[in-house]
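Open the model in your viewer and keep the sequence panel beside it. This tour goes from stop to stop, with a selection at each.

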Amino acid sequence: MGDIDLEQQEPFPVDRDGRRDRDEPDGGRKMGCCEKFQQSVSRWMLPEDVRSKYLERANCCPPPIFIILISIAELAVFIYYAVWRPQKQWVTLDQGIWNSPLTYKPERRQEAWRFFSYMFVHAGVEHIVGNLLMQLLLGIPLELVHKGFEVGMVYMAGVLAGSLCSSIFDPLSALVGASGGVYALIGGYFMNAVVNFREMIPLLGVFRILAIVIFVGTDFGFAFYRRFASDEAGYNVSFVAHFGGVVAGMTVGYVFFSAYNKKLLKDPRFWLCIVGYIVFVLFAVLFNIFLSPAP
């Protein structure tokens with residue numbers, strides 16, 4: 001009888017990457033917390049064919065600094081307006097928000113920084129809690145895989161796309177909140193979850209898609225309420241930034257997040273999305289200068 005390959009008699013379960021699904025991957029060495037976390041991240045964020053490459057070079061240094069810093073900044077601004085410049089209630093908008101130099105207001109759109117800075121100001125507790133939870137739960141794993149530059153680019157592309165879309169399609173409404181950036185992360189991740197569904201663990205794929213749908217549905221409910229049922233200080237709060245962010249995520253974000261271990265500059269999809277985004281920004285700028293009905 002010929003020699004028997006001992007690996008064929010391996011009694012321990014093996015996952016889809018060909019790695020042992022146990023805590024002792026190398027010669028009895030127990031996996032550390034960081035290694036276990038990275039293995040879970042690879043299953044949630046990457047298709048099967050690139051997981052092993054990610055795990056070979058994965059580490060927790062540098063930490064996901066971009067998404068953590070941007071979250072701290074947003075929380076600090078919210079606390080400033082809620083505590084040091086108190087409102088009637090934490091859950092409502094008031095003059096402190098509307099008079100902020102950070103809030104996007106159509107009549108002040110010539111102050112270009114407002115197209116970005118509105119992301120730091122939030123409409124209330126449920127608004128900031130929802131945004132922070134989603135961007136931390138999704139942004140930290142994404143940044144571990146794709147690093148801060150890619151995640152930062154997608155996030156900021158969503159923020160700018162959100163304010164520009166609002167200035168075009170809802171030109172008389174003010175804008176607050178980081179939903180444009182959050183929805184860019186959601187859009188990019190959602191597209192990868194759908195496109196690579198067969199290559200990922202099916203149960204996790206279904207759970208991810210359902211979780212995104214539930215969050216998006218709930219958040220849109222709050223956004224529609226703030227836009228059509230609430231009229232604080234005479235301003236309507238636009239919800240169009242959600243659409244702008246998700247479109248940016250499903251295009252620019254999808255290209256960035258699907259290009260793991262690939263050279264973006266050689267990917268024609270990258271240049272197509274970049275050119276399309278630049279054309280959109282130029283059109284929005286010209287619209288705001290020459291065509292906008294806002295004062």
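Where is the kink in α6 centred, and what is its angle? Select Lys147: the kink in α6 is centred there and comes to about 120°. The bend at a residue is the angle between axes fitted to the seven residues ending there and the seven starting there.

Before going on, two notes on the model. It is predicted: local features need pLDDT of at least 70, side-chain atom pairs count only at pLDDT 80 or more, and totals for chains, interfaces and linings use all residues. Residues are numbered from 1 along each chain as its sequence is written, and side-chain values use heavy atoms, with hydrogens and water left out.

**Whole chain**

Colour by secondary structure. The protein chain has 10 helices and zero strands. Helices (H or I, at least four residues) and strands (E, at least two) are DSSP runs, numbered from the N terminus. Of the 295 residues in the protein chain, 48% are buried. Buried means under 20% relative accessible area, exposed over 50%, and partly exposed in between (1.4 Å probe, protein chains only). Take the contacts between residues at least 6 apart in sequence: 72% of them join residues at least 24 apart. Contact means heavy atoms within 4.5 Å.

**Stop 1: α6**

Select residues 125–169, helix α6. A straight helix of 45 residues would span 66 Å at 1.5 Å a residue, but the end C-alpha atoms of α6 span only 27 Å. The expected span is 1.5 Å times one less than the number of residues.

Return to Lys147. Its phi is positive, about 70°, although Lys147 is not a glycine. Most residues other than glycine have a negative phi. Lys147 counts as partly exposed because its relative accessibility is 34%.

Now pick Leu142, also found in helix α6. At 2% relative accessibility, Leu142 counts as buried.

**Stop 2: α6 against α10**

The axes of α6 and α10 come within 10 Å and cross at roughly 35°. Axes are lines fitted to C-alpha atoms, for helices over the stretch in contact, and angles run from 0 to 180 degrees between N-to-C directions. The crossing of α6 and α10 is left-handed. That term applies if the near helix is turned anticlockwise from the far one by less than a right angle; clockwise is right-handed.

Show side chains. From α6, the residues that meet α10 include Met156, Leu160, Leu164 and Ile168. On the α10 side, Tyr277, Val281, Ala284 and Phe287 are among those met.

**Stop 3: α10**

Which residues of α10 are buried? They are Phe270, Cys273, Tyr277, Val281, Ala284, Phe287 and Asn288. An α-helix has 3.6 residues a turn, so residues three or four places apart point the same way. The cover over the buried residues of α10 includes α5, α6 and α9.

Check the length. The 24 residues of α10 should span 34 Å at 1.5 Å a residue, and its end C-alpha atoms are 33 Å apart, which agrees.

Pick Ile289, in helix α10. Is Ile289 buried or exposed? At 56% relative accessibility, Ile289 counts as exposed. Arg109 is 180 residues away from Ile289 in sequence, yet 9.4 Å away C-alpha to C-alpha.

**Stop 4**

Select residues 240–257, helix α9. Its 18 residues should span 26 Å, and the end C-alpha atoms are 24 Å apart, which agrees. α9 bends by about 35° at Gly249. It is mostly covered, with 13 of its 18 residues buried.

The contact uses Thr251, Val252, Tyr254, Val255 and Phe256 of α9 and Arg269, Phe270, Cys273 and Tyr277 of α10. This crossing of α9 and α10 is left-handed.

**Stop 4: Thr103**

Finish in the loop between α4 (95–98) and α5 (114–117), at Thr103. Thr103 has 0% relative accessibility, so it counts as buried. Leaving aside neighbours within four places in sequence, Thr103 is in contact with Ile97, Trp98, Arg114, Val121, Leu175 and Val176.
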